[in-house]
Amino acid sequence: MKNKLFHLSVLCVAFTFNALTAQENKEKVEQLNEVVVTATKFAVKKEKIGKIIYQITPEEIENSKGKTVVDLLNDIAGIEINGTNSAEGKNKSIYIRGGRNKQVLVLIDGVPVSDPSGITATYDLRLLTLSQIESIEVMNGAASTLYGSGAATGVINIILKKASKKPIALHYQASAGTNNSQNDNGIDLLDLNQNVAVNGTLAKFSYIATLNTSKVNGLSEASDANSNVAFESDEFKATNSFVRLGYQFNDKVTVQVFSNYDKNTYDYDAGAFTDSDINNGENKQFRVGLFTSYKYAKGNLKLTASYNKNDRMFESFNGWTNTTDRFEYTGKTYVVEAVNNYKFSNKVQLVAGVNYQEQRNQTNTPYGNIDDNLANYTTVDPYASLLFNASSGFNINAGVRLNNHSEYGNHVVYNINPSYNVTDKFRVISSYSTAFIAPSTYQLFSQFGNVDLNPEETTTIETGFEYVAQNKFGINSVFFYREEDNAIILPDFVTYVNASETINVKGVETEVKIDALKGVIFRLGHTYVYKSADLDYIPENKFSAVVEFNAIKNAYISLKYKNTSKRTYFDQWGTGENININAYSLVDLYGSYHIIKNKVSVFLQINNLFNEDYTETIGYTTRGRNFKLGLDFKF
């Protein structure tokens with residue numbers, strides 16, 4: 001009932017605001033004219049596609065200094081990232097529209113990234129730092145037609161920073177803060193971070209190099225609420241580096257090469273409410289690749305080649321043998337893609353390409369090994385997507401993809417995505433999409449593996465609207481319904497199988513922006529998700545409200561409120577029952593001030609302002625009231 005009242009109220013506000021501003025037609029509407037790339041792989045204006053693309057802009061990242069990638073993603077409608085408010089080394093699980101990690105595809109500059117050594121081959125967001133990122137686009141819903149396996153509930157496209165137009169530009173940022181639980185009011189600076197970047201453009205040559213280091217301590221991963229002894233803190237350290245070199249031969253041809261090396265080490269505990277001073281882990285990522293772009297009269301041809309290697313290790317105390325077990329995982333991914341955007345006219349364009357991927361898994365553990373000579377597969381996927389934009393305001397994007405998998409054969413997915421621009425302020429959208437999730441190398445080739453597994457399949461229907469009034473008021477709302485078949489499960493700890501049950505998921509995502517008062521912006525967001533089975537840490541309702549103040553010269557202040565409804569978690573490995581987790585609310589305060597405009601600034605954030613005591617994951621610690629202070633220099 002609360003969900004229905006919320007959406008009814010925002011609709012009333014929309015129509016009221018439209019009536020009040022009907023006379024103000026002199027201002028140019030710009031929000032619908034924003035350019036996005038994730039929907040088609042090429043730059044396209046929002047009003048020409050039938051999708052709501054959630055954007056974290058460079059300006060928003062600038063106003064989020066000291067935060068993490070996970071912090072920002074967790075604020076987007078439809079997304080829940082479990083572990084955001086836990087110890088820094090805690091696993092971060094992404095849920096979009098009720099789907100799990102394996103149903104979400106992460107891209108870095110449009111290139112898929114994953115870890116083939118993991119059970120579900122999902123990407124670890126702890127390997128990213130916000131200081132390297134220019135912007136982020138999130139497209140909720142099935143997108144397997146363009147992006148292949150894994151893009152069943154959403155695509156997160158992380159766009160790394162670009163080189164400055166100046167010959168040389170320097171950027172340095174440092175911050176320090178507390179890392180307390182609700183029971184600790186200490187002022188020790190145990191959350192330390194610094195990053196440096198140098199970049200520029202010399203004639204046709206461009207370059208950028210960044211380095212980030214972080215160290216966080218003071219918080220135990222496991223909660224000591226059920227213990228008479230305080231648990232020891234678990235340290236997290238991270239180093240992130242990124243280099244990209246580019247050369248523009250002429251107006252038509254551009255070539256870029258890039259490399260990432262990221263590493264984090266962490267302590268972790270022995271489970272819910274269980275401490276350990278022995279367990280530790282290490283994650284390393286090495287990425288290298290090439291981008292080329294050729295522009296011609298009727299279109300643009302892009303070629304991408306990349307290699308990604310993930311090395312994971314963790315040591316865990318074995319209570320049965322009183323020894324420490326060591327687990328080692330190496331995942332390798334090769335990606336080559338050629339994609340062309342051909343414009344037949346201003347109304348019709350065709351995106352067509354072919355994607356090649358190879359994934360390999362080498363695992364060595366005390367309980368069994370996986371040899372990458374066996375645990376590997378390749379996919380070769382041709383795909384095409386046609387975009388038609390009529391002068392009447394009608395648009396349609398339709399596409400198809402053929403997945404050729406070396407282990408389970410061929411699989412076809414498709415999408416139909418019509419939309420209609422009723423006016424320059426208002427558009428309606430809809431889509432019907434199919435998607436799939438290929439079995440991981442672990443699910444195919446481990447001791448529990450089954451090479452006869454079918455891919456998980458989903459069908460998604462969505463419909464919604466976006467309304468913008470003189471760029472002073474904006475609202476978008478989308479209803480979605482999804483069916484999942486062939487879920488891969490391990491019911492008996494013997495062999496992975498496809499479940500016979502169909503899972504149904506439905507919900508509504510809504511975002512509102514009000515920029516009617518000078519120097520004050522209001523942002524509201526709400527997500528409702530209902531899932532018929534497979535209960536996890538996914539709230540049925542999630543509400544957020546942000547007030548941003550820009551009225552003071554050179555200053556920015558934001559106050560954020562977030563409410564997460566009660567959740568139901570199915571304790572499969574414990575009691576075998578559903579556990580209800582109470583709702584909670586958090587308030588965060590953030591401020592920054594430019595001491596020297598665009599050169600020197602100071603920022604302060606206070607999280608969990610009222611020191612709310614709550615549960616994010618059963619048996620694990622959450623952060624209490626904490627602050628972080630930092631300085632930012634640009635030259």
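Residues are numbered from 1 along each chain as its sequence is written, and side-chain values use heavy atoms, with hydrogens and water left out. Because this is a predicted model, local features need pLDDT of at least 70 and side-chain atom pairs count only at pLDDT 80 or more, whereas totals for chains, interfaces and linings use all residues.

Confidence comes first. The average pLDDT (the predictor's confidence in each residue, from 0 to 100) is 91 for the protein, and 94% of the residues score at least 70. Where pLDDT is low, the predicted coordinates should not be read in detail.

The strand pairing around E25 may be taken next. Helices (H or I, at least four residues) and strands (E, at least two) are DSSP runs, numbered from the N terminus, and two strands pair if DSSP finds at least two bridges between them. Strand E24 (residues 456-469) runs antiparallel to strand E25 (residues 473-485), and 13 bridges join them. Within this pair, Gly 464 has Val 478 in E25 as its bridge partner. The hairpin of E24 and E25 has 3 residues between the strands, and there Gln 470 takes a positive phi near 50 degrees. E25 also pairs with strand E28 (residues 503-517), again in the antiparallel sense, over 12 bridges. In E28, Lys 506 stands opposite Tyr 481. In a regular strand the side chains alternate between the two faces of the sheet.

Side chains of opposite charge can pair when their charged atoms come close. With a salt bridge defined as a side-chain nitrogen of Lys or Arg within 4 Å of a carboxyl oxygen of Asp or Glu, the count comes to 29. One of them joins Arg 623 and Glu 88, at 2.6 Å from N to O. Arg 623 lies in the loop between strand E35 (600-607) and strand E36 (626-634), and Glu 88 in the loop between strand E4 (79-82) and strand E5 (93-96), so the pair ties together parts that are 535 residues apart in sequence. Arg 623 has a relative accessible area of 19% and is therefore buried; buried means under 20% relative accessible area, exposed over 50%, and partly exposed in between (1.4 Å probe, protein chains only).

Glu 466 and Arg 427 form another salt bridge, at 2.7 Å from N to O. This pair links Glu 466 in strand E24 with Arg 427 in strand E23 (residues 426-437), 39 residues apart. Glu 466 is buried at 3% relative accessible area, and Arg 427 is buried at 1%. A salt bridge of 3.0 Å, N to O, also joins Glu 315 and Arg 326. Here Glu 315 is partly exposed, at 23% relative accessibility, and Arg 326 is partly exposed, at 39%. Beyond these pairs, Lys 51, Arg 97, Glu 462 and Glu 509 are linked in a network of salt bridges.

Two loop residues complete the account of backbone angles. Asp 109, in the loop between strand E6 (104-108) and strand E7 (111-113), has a positive phi of about 55 degrees although it is not a glycine. At 22% relative accessibility, Asp 109 is partly exposed. Asn 486, found in the loop between E25 and strand E26 (488-489), has a positive phi near 60 degrees and is likewise a residue other than glycine.
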